[in-house]
Amino acid sequence: MPTLMHHITDIARCAAQFRSEELAPLGLKACHASYIAAICQSPGITQDHLARALFINKSNVARQVVILEQSGFVERRPCPEDKRAMLVFPTQKAQEALPQIMAIFRRWEDFVAQDLSQEERSLLVSMLDKMMSRCDDWTENH
């Protein structure tokens, strides 16, 4: 019998496949959507904060940010207060891609939740928020 985490993992994998197909015309991979959304939401975010916000290890963030920079979606600049830190800014290309990325997120959510009533969707979001709060607590302590 599949567990809760098994279902969540499988849904996440399917979502990644969907995003890969939908983002390909933009020259992006599935993981890049979350990076661009977070960077556009917080221009000048450090790579360290980006790693924490996306729950991804720092070395993976560094690699993906370099790819996004080479593709023209982001620009990195040294932090004036901490020369070891890099600030990440969205480019115009990222800003223009953001509405399409957000539409892709919405289409997937609408697709997977289409058989849920509005009440069920609200309850599911509330329960997942509680689980995310536990994840946040764990990451703060590790």
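How many bridges pair strand β2 with β3, and in which sense? Strand β2 (residues 74–78) pairs with β3 over 5 bridges in the antiparallel sense; two strands count as paired if DSSP finds at least two bridges between them. Helices (H or I, at least four residues) and strands (E, at least two) are DSSP runs numbered from the N terminus. The model is predicted: local features need pLDDT of at least 70, side-chain atom pairs count only at pLDDT 80 or more, and totals for chains, interfaces and linings use all residues. Residues are numbered from 1 along each chain as its sequence is written, and side-chain values use heavy atoms, without hydrogens and water.

Buried means under 20% relative accessible area, exposed over 50%, and partly exposed in between (1.4 Å probe, protein chains only).

Helix α1 (residues 4–23) contains C14, which is partly exposed, with a relative accessible area of 38%. C14 and W108 lie 94 residues apart in sequence, and their C-alpha atoms are 9.5 Å apart in space.
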